[in-house]
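Here's a quick tour for anyone opening this one for the first time. Have a look at the sequence and the model, then read on.

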Amino acid sequence: MKVPLPNLPNVLRRIALLGISLLVGLSRTGCSAYNTDNEPLSDTTNVTERTILLPGSVPLVLVWIPPGSYQMGRYPGEADSQSDEDPQHPVTLAYGFWMGKYEITQQQWLAVRGSWPGTAPSADIGLGNTYPAYCISWDDAKNFITTLNAHIVSSDQGPLTVRLPSEAEWEYACRAGTTTRFYFGDSAECSATDCSDCAAGTLPGNRTNYMRYCGKSKPVGGKTANAFGLHDMHGNMWEWCEDDRHADYDGAPADGSTWIDSPRASSRTIRGGGCGDYPLMCRSASRGGLAPDSRSDIFGFRLAAVQ
Ligand SMILES: [Ca+2]
Ligand SMILES: [Ca+2]
């Protein structure tokens, strides 16, 4: 499997963008009722899915994330990691929740919101129904969520409330029980700052079998899912979380809840790295922080949901 040739200036620009941001950032339409509730629709053993119909009957698939515990943050000595991933700390989610099987797609964005909030997607970066929505800010994602929750109520698809995941939920969902740099392994045999492929580590195959990096965006779900059935947790689009940005995990909640300041901080968290980034930015523990009105062609989101 080949990785697209990197646009190195863009890669570097984006890494610089996130680096700088870390410094400053510390600082239902009338259709008939459709309700699958907890009916298993799984295509993978032990994965329970639920589908919401967006306006125009565009499906949005959610996967059930079971309760559990994990270690959040980088492990001691983790290669190519950053200090904002410290200290590694135990988090216990006593609840399960729904999470988008894929990043929100361009078709899903338009079904809910009708138009693009900023720059429309282009063929240069990736254009089509199944491509991820991008150039989406945290504020834009919140507007999508407000509109979709009203639709879920009016189309009698509840009870269900969609929201952004907490950062702790996001990392728990990404790791899916793994403790390595990526959910497919440590992939430590080649550089985290070049775009060549290498062995995945724990799972069979190479890292390009599991993630998008060093190139343009691609349709969602083109890479192998993690054990929870989630696709594109590493790369393709960075994904906004609800939490305010914090310099590290000192004082972070240990129950999976969102970590929000009062008044709210100037930056929000974003996770998972993007298709324009080197592999190091796409690690499970990698974190970014940006102003809530920031848009970039590598920023998108996926939903979490509770009943
Ligand atoms: Ca992603
Ligand atoms: Ca970071």
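Predicted model: local features only at pLDDT ≥ 70, side-chain atom pairs only at ≥ 80, totals over all residues.

Residues are numbered from 1 along each chain as its sequence is written, while chains are lettered from A and ligands numbered from 1 in the order in which they are written.

**The core**

- The largest nonpolar core has 65 residues; such a core is a set of buried Ala, Val, Leu, Ile, Met, Phe, Trp, Tyr and Cys residues joined through C-beta atoms within 7 Å.
- "Buried" here means that 20 or more other C-beta atoms lie within 10 Å of a residue's own (12 or fewer is exposed, in between is partly exposed), with C-beta atoms placed from the backbone.
- Met99, Ala141, Ala173 and Phe299 touch the most other members of that core.
- Once neighbours within four places in sequence are set aside, Ala141 is in contact with Ile136, Leu164, Trp240 and Phe301, where contact means C-beta atoms, placed from the backbone, within 7 Å.

- Most residues other than glycine have a negative phi, and most peptide bonds are trans.
- Gly158 and Pro159 are joined by a cis peptide bond with omega about 0°, and Pro159 sits in the loop between H3 and strand E6 (161–163).
- Another cis bond runs from Ser262 to Pro263, with omega near -5°; Pro263 is in the loop between strand E7 (238–244) and strand E8 (268–271).
- Cys214 has a positive phi near 55° and lies in the loop between helix H4 (167–175) and E7.
- Cys214 counts as buried because it has 26 C-beta neighbours inside 10 Å.
- Asp232 has a positive phi too, near 60°, and is found in the loop between H4 and E7.
- With 29 C-beta neighbours inside 10 Å, Asp232 is buried.

**Around Ser217**

- Ser217 belongs to the loop between H4 and E7, and is buried because 28 other C-beta atoms lie within 10 Å.
- Leaving out neighbours within four places in sequence, Ser217 has contacts that include Ile125, Tyr131, Asn236 and Cys275.
- Ser217 and Gly235 are 18 residues apart in sequence and 8.9 Å apart in space, C-alpha to C-alpha.

Notes:
Contact = placed C-beta atoms within 7 Å. Helix = DSSP H or I, 4+ residues; strand = E, 2+ residues; numbered from the N terminus.
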